[in-house]
Amino acid sequence: MSPAWLERAALHYLERYSASTEMLRRTLARRVQKRARARGEDPERFADLVTATVARAVSAGLVDDARFADTRLATLRRRGTSTRGVSAKLAAKGVPRDVVEAAMLAERDALPDGEADAIEEQAAQAYAKRRRLGPYRRPDQRATHRDRDLAALARAGFAYGLARRVVDREPDEFGEPDAPA
């Protein structure tokens, strides 16, 4: 294993995936461990090489935690992920807490004053629509599945009051012509 091999591995990974600094470090460490195990070497000998390769990727601008957090935040919001869920998912990807908080603050600042408070509600509606909960469920099944729908929204990280508002809405309240069949 050489610095050139690690750099090629990092570039190959970054060509295919957007990554945080920690994700790149974990990936390279896994690759080194796999290759060292196959050759009967100690993977700890190459830890400095992994650190240096990650540092070069960061200094070259190939990896940027703030940019990764911003794009991942936008993607997760479109999918209907709550603020708690976004924080947890970005933390699992190795993004530092202060970077996550800065991305969320930038998200709120980018919207007009009235819409900034509706971010969580829009995410809850998107989640309900994607999972066909509440008003997106067939009308004859809504009442029997109400508690299940509330529980699904709660597990997704949404507050009970917000979950109740979303589940109890009528389909025409947010521009949907009819509930899906």
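**Questions on the helices and selected residues**

Me: In which helix does E120 lie?

Reply: This is a predicted model, in which local features need pLDDT of at least 70 and side-chain atom pairs count only at pLDDT 80 or more, whereas totals for chains, interfaces and linings use all residues. Residues are numbered from 1 along each chain as its sequence is written, and side-chain values use heavy atoms, with hydrogens and water left out. Helices (H or I, at least four residues) and strands (E, at least two) are DSSP runs, numbered from the N terminus. On that assignment, E120 lies in helix α8.

Me: Which side chain is joined to that of E120 by a polar contact of 3.4 Å?

Reply: A contact requires heavy atoms within 4.5 Å. Leaving aside residues up to four places away in sequence, E120 touches R77, S82, T83, G157, F158 and L162. A polar contact is a pair of N or O atoms within 3.5 Å; within protein, one must be able to donate a hydrogen and the other to accept it, and residues adjacent in sequence count only if both atoms are side-chain atoms. The side chain that forms such a contact with E120, at 3.4 Å, is that of R77.

Me: How many helices are there in the chain?

Reply: Read along the sequence, the pattern is α-α-α-α-α-α-α-α-α-α. The chain has 0 strands, and its number of helices is 10.

Me: What radius of gyration does the chain have?

Reply: The radius is taken over C-alpha atoms, and the globule rule is 2.2 Å times the number of residues to the power 0.38. For a compact globule of 181 residues, a value near 16 Å would apply. The C-alpha trace spans about 65 × 40 × 25 Å along its principal axes. The radius of gyration of the chain is 22 Å.

Me: What percentage of the residues in the chain is buried?

Reply: Buried means under 20% relative accessible area, exposed over 50%, and partly exposed in between (1.4 Å probe, protein chains only). Of contacts with a separation of 6 or more, residues 24 or more positions apart account for 66%. Among the 181 residues of the chain, the buried share is 37%.

Me: Within what arc do the buried residues of α1 fall?

Reply: The expected span of a helix is 1.5 Å times one less than its number of residues, and for the 14 residues of α1 (residues 3–16) both this figure and the distance between the end C-alpha atoms are 20 Å. W5, L6, A9, A10, Y13 and L14 are buried in α1, while R8 and E15 on the other side are exposed. The buried residues pack against α2 (21–39) and α3 (47–59). With the arc taken from the directions from the helix axis to the C-beta atoms, these residues line one face of α1, as they fall within 165°.

Me: Which residue caps the N-terminal end of α4?

Reply: At that end, a side-chain oxygen lies 3.3 Å from the backbone nitrogen of A66. The oxygen belongs to the capping residue, D64.

Me: Is L76 buried or exposed?

Reply: L76 is found in helix α4. Not counting residues up to four places away in sequence, L76 touches T81, V86 and K89. The C-alpha atoms of L76 and K89, 13 residues apart along the chain, are separated by 9.0 Å. At 1% relative accessibility, L76 counts as buried.

Me: What is the relative accessibility of R142?

Reply: R142 is found in the loop between α8 (119–131) and α9 (146–155). Its contacts, not counting residues up to four places away in sequence, are G134, P135, R137, V167, D168, R169, E170 and P171. R142 counts as buried, with a relative accessibility of 17%.

Me: Near what value is the phi of R132?

Reply: Most residues other than glycine have a negative phi. R132, in the loop between α8 and α9, is a residue other than glycine with a positive phi, near 55°.
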